[in-house]
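Dear colleague,

Please find the structure below, handed over for your use.

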Amino acid sequence: MSDTPETWTLSPGPVGGGRPTVEPLKLLVLDGADAGKQLTVTQGTVLVGTHAECALVLTDPSVSRRHASLELLPGRVRVRDLESKNGTQYLGSSIRELEVPVGATVELGRTRLALLPLLTGHEPVTERSELEGLLGRSVEMRRLFSQLAVLAKVDAPVLIWGETGVGKEAVARALHQSSKRRAARFVTVDCAALSSELASSTLFGHVRGAFTGATRDAPGALLLAAGGTLFLDEVGELPLELQPMLLRALEQKRFTALGADAPQHSDFRILASTRHDLARLVKTDRFRSDLYYRLAGVVLTVPALRERQDDIALLAHRFAAEGGATEPLAPAVIGVLAARRWPGNVRELKHEVERILTLGEAAALPEAHADEARDDFHQARARALKAFEKSYLEALLARHGSPTEAAKEAGIVRSYLYKLLEAHGLKR
């Protein structure tokens, strides 16, 4: 079995004027001998089965030679069972023909097939600089906002990857708040802190008397997330022995509370985050492949702060305001902050701003961070100068509605002021 994705583009037939366009789709096999196999479809209809002429060829003996056809439509997929031997199911019910939403999972015999939106990394860049608490005017963040807008429309599982401190949970919350599930709960499970002893109770809940100290019924995370979103934070830290238990619950959306007799059902969207390369952990048998494919239907990458330098001033001013500052941080302070590499990313920047508010702006001097890995002199100077100019110009524009007055205060001619504004992407 190869998990190298293929791409198929089939003609959908004559197209009339004004017909809505379809979005590319990724077909991902979640379970069985073909788990991990995937196919990218950009338009038209594809066949799935064991026959060599099918677009997605499976080896599962419960799948017929030509088992089903999948037709891309705007925002959905038309699934047709082609009189297969073991049938096609959606949400536990057999279907002959049905339009299902993008993000759905269908069963062909014993094979589960996810119909997922495709993120290419080249999505159009939105003009907005804020999304449900996320902040950023850099190209990298505005592209992330566009990707979140796509994923908010579907219920597909999303794995959020990024370094420590980039704000993976904030991205997950923004996705939840942008989705149709926003009115229900966003429930976080810290997988790094999930011990074998507490796992069942944390995830599935318990009833009174289930164990010593269980004096009342308590719902678990899966039940609390009903109708909403379950977020598995740092899922790569989940102990290997707990992974089968979690996988079964995610597959069936059914579970039994500790000490209970009857199973419960919960409809939730699953999001997860990791700082690890889960694919590598799968190859070294430290993470189950079936759980990986269940979680990594769509992988979303959150850029490191050093890759979004244009956002440092914006974030620093926001953190200062949240910390009670009544005036923006001085341009010189912003320049110093922009010259650093921020290995701890946004979290480290926030802590540094809090330190500056407590100790004074002198605490931002580079000498206070002499042990930090740095750019050479010319690179650091260029980064600091760029950040200083942008921060200075923003403050200047905030004080003056007239470019003449702004240029006068800055001690420069208007033509040079206009060049600086254009260079930093600022409006006159």
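Glu71 is buried, its relative accessible area being 16%. Please note that this is a predicted model.

Arg80 itself counts as partly exposed, at 27% relative accessibility.

A further salt bridge pairs Arg78 with Glu99, with 2.8 Å between the closest N and O atoms. This pair connects distant parts of the chain, since Arg78 belongs to strand 7 (residues 76-81) and Glu99 to strand 10 (residues 97-101), 21 residues apart. Arg78 counts as buried because its relative accessibility of 18% falls under the 20% limit. Glu99, by contrast, is partly exposed, with a relative accessible area of 36%.

Another salt bridge lies within a helix. The side chains of Arg173 and Glu169 meet at 3.2 Å, N to O. The two residues are 4 residues apart in helix 2 (residues 168-178), so about one helical turn separates them. Both ends are partly exposed: Arg173 has a relative accessible area of 40%, and Glu169 has one of 29%.

Across the whole structure, the search finds 25 salt bridges.

With kind regards

Definitions and conventions. Residues are numbered from 1 along each chain as its sequence is written. This is a predicted model: local features need pLDDT of at least 70, side-chain atom pairs count only at pLDDT 80 or more; totals for chains, interfaces and linings use all residues. Side-chain values use heavy atoms; hydrogens and water are left out. A salt bridge is a side-chain nitrogen of Lys or Arg within 4 Å of a carboxyl oxygen of Asp or Glu. Buried means under 20% relative accessible area, exposed over 50%, partly exposed in between (1.4 Å probe, protein chains only).
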